[in-house]
Amino acid sequence: MLKISERMSEPTLDSMTFLNEVVGRYPKAISFAPGRPTPELFGVEKSLGLLRKHAPAILGRPDIRSEEALNEIAQYGRTNGIVHHHVARQLLQDEGLDLDSDQLVITNGCQEAMLLLLLTLFTPPRDVLLATEPVYLGITAAARLLGIEVVPIRLRPDGPDLDELAAAAQLLRKQGKVPRALYTIPDFDNPSGYTTSLETRHDLCFLARHNNLLLLEDTPYRMLRFESEPLPLLKTIDPEQVVLLGSYSKTIFPGLRLGFLSGDVEVSLAGRVVPLSQVVSKAKSLTSINTSPLMQATLASVLIENDHSLTSHAVMLSAHYREKRDALLVAMERHFSEDPKAPPGVCWNRPEGGFFVTVHVPFEFTMSLVEECAATAGVIIAPMSLFTFSTAHYRAIRLSFSAVALADIDEGVARLASFVQDRQAQSGRAADTAYRAASIHRRPAFARSEVDASM
Ligand SMILES: Cc1ncc(COP(=O)(O)O)c(C=O)c1O
């Protein structure tokens, strides 16, 4: 029998599959699990129609016929992409970010951008990736697959814990390792929904520079803002220390498979200083040759049609997701605070954008409880333990409001509240039994720890 690489048994690779299987097994359950955008907002047909209209403009050659332009687009293309000028113009308009378009790398979704960075920046086992935790598994599972060590840095509601980051960097260096980069999602993080505060953004950039640590700034939800003013990108605060990662999956649609990375930071390759984009290009020529030029052209035609700004489109999307966020928060208040039967000890955050809310519960929401919750209460959630790699003991869950129907939100939360209440009653009874049994056997210390653990 062929023995496959040990790395393929990495547990993080299986946990998402398990969650998808639960979703598949209980099709009638109300699901707050997938972090997917709402398909009614995609406008696919309109986007595809724009391609023919704008084909010459996409190539910057208004003098040629549409058919000629389309044939050119459909050819093998430049490894780092053919629509980099259009993406750079959009970033300038929407973010005020003036990037050298030649250093932008257009990727097959943000996922490929992450993989390319792991492949090019890290030499395992010496180089270590730091990542805020809980974390989007797309990066940490990929790192593990490549044999790259990952060190978690606690994510607080106002951003990464900087004391922990400084201590981790110091400890790694003492061990002869190199803390190479920190992965972070400053705006409306997946999974937590947290946003890094202005102060923490500045302090993080300062700390990163001081420790020669690159910041990998992932921004897929940034334009989906529901309230307050946008905070500056880390890339704007310290352009030389930050690699910006972007995705059009949430602002246009995921089937485009389009993202990008800013490859303008300087790196040293065999004693020569070169832009990161040049090194990434070598790796990309082997991972995908290039990103589908037809899909790139579709993106560019949407950008051209919108005068290279997605701001007003994002305002429309944000209004939709804000309505769902508000419905979820109202339902949480109703079923977890106001209801006299509401289970105590549950609290949650109010995300200012994105798709996700963190809910703290008074017990560990294990994977087997996820299945039980789907089977008995008819509601599916994602446990926070799914997004961790240092510990599975997380008394929190992620509720995603993006893909659930507005009309189902209240009922879904009511079902969750009744499951949490039953679960607490059960653990209360279990604790009570354990306490009495322990008292009978005269082991009060053991009994106390049992009670604490189950609360
Ligand atoms: C934080 C984060 N980064 C990256 C991705 C992947 O993006 P893409 O669809 O562009 O590959 C996702 C997808 O949900 C995500 O949540």
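What follows is a working chat about the helices, strands and nonpolar cores of a predicted model.

Me: Starting with helix 2 and helix 3, at what angle do they pack?
Reply: Helix 2, which covers residues 44-58, packs against helix 3, residues 66-73, at an angle of about 75 degrees, and their axes are 8 Å apart. The two helices are therefore roughly perpendicular to each other, since angles of 65 to 115 degrees count as such.

Me: And which residues make the contact?
Reply: From helix 2 the contact uses Leu51, Arg52, Ala55, Pro56 and Ile58, while helix 3 contributes Ser66, Ala69, Leu70 and Ile73. Sorted by class, this contact of helix 2 with helix 3 has seven nonpolar residues, one polar residue and one charged residue.

Me: Changing topic, how many residues are in the largest nonpolar core?
Reply: The largest nonpolar core has 48 residues, and Leu328, Phe365, Leu399 and Leu416 are those with the most contacts inside it. At least two residues of this core come from each of helix 1 (11-25), helix 12 (311-338), strand 13 (356-360), helix 13 (367-377), strand 14 (379-380), strand 16 (396-400) and helix 14 (409-440).

Me: What does Leu399 touch?
Reply: Leaving aside residues up to four places away in sequence, Leu399 touches Phe32, Leu328, Met332, Phe355, Phe356, Val357, Val359, Ile381 and Leu416.

Me: Over to helix 6: why is it called largely enclosed?
Reply: Helix 6 spans residues 137-145, and seven of its nine residues are buried, so the helix is largely enclosed by the rest of the structure. The buried residues of helix 6 are Leu137, Gly138, Ile139, Thr140, Ala141, Ala142 and Ala143.

Me: What covers them, and what follows the helix?
Reply: The cover over the buried residues of helix 6 includes helix 1, helix 5 (109-121), strand 3 (127-133), strand 4 (149-156) and strand 6 (178-184). Helix 6 is followed by Gly147, which has a positive phi, near 75 degrees.

Me: Now strands: how many of the residues of strand 9 are buried?
Reply: In strand 9, residues 258-262, five of its five residues are buried, and the strand is mostly covered. Leu258, Phe260 and Ser262 point one way from strand 9, whereas Gly259 and Leu261 point the other way.

Me: Which strands are joined to strand 9?
Reply: Strand 2 (residues 104-108) is joined to strand 9 by five bridges and runs antiparallel to it, with Thr107 standing opposite Gly259. Strand 8 (residues 242-247) is joined to strand 9 by three bridges, also in the antiparallel sense, and here Leu245 stands opposite Leu261.

Conventions: Residues are numbered from 1 along each chain as its sequence is written. This is a predicted model: local features need pLDDT of at least 70, side-chain atom pairs count only at pLDDT 80 or more; totals for chains, interfaces and linings use all residues. Side-chain values use heavy atoms; hydrogens and water are left out. Axes are lines fitted to C-alpha atoms, for helices over the stretch in contact, and angles run from 0 to 180 degrees between N-to-C directions. Helices (H or I, at least four residues) and strands (E, at least two) are DSSP runs, numbered from the N terminus. Angles under 35 degrees count as roughly parallel, over 145 as roughly antiparallel, 65 to 115 as roughly perpendicular and the rest as oblique. Contact means heavy atoms within 4.5 Å. Ala, Val, Leu, Ile, Met, Phe, Trp, Tyr, Cys and Pro count as nonpolar, Asp, Glu, Lys and Arg as charged, and the others, Gly among them, as polar. A nonpolar core is a set of buried Ala, Val, Leu, Ile, Met, Phe, Trp, Tyr and Cys residues joined through side-chain atoms within 4.5 Å. Buried means under 20% relative accessible area, exposed over 50%, partly exposed in between (1.4 Å probe, protein chains only). Two strands pair if DSSP finds at least two bridges between them.
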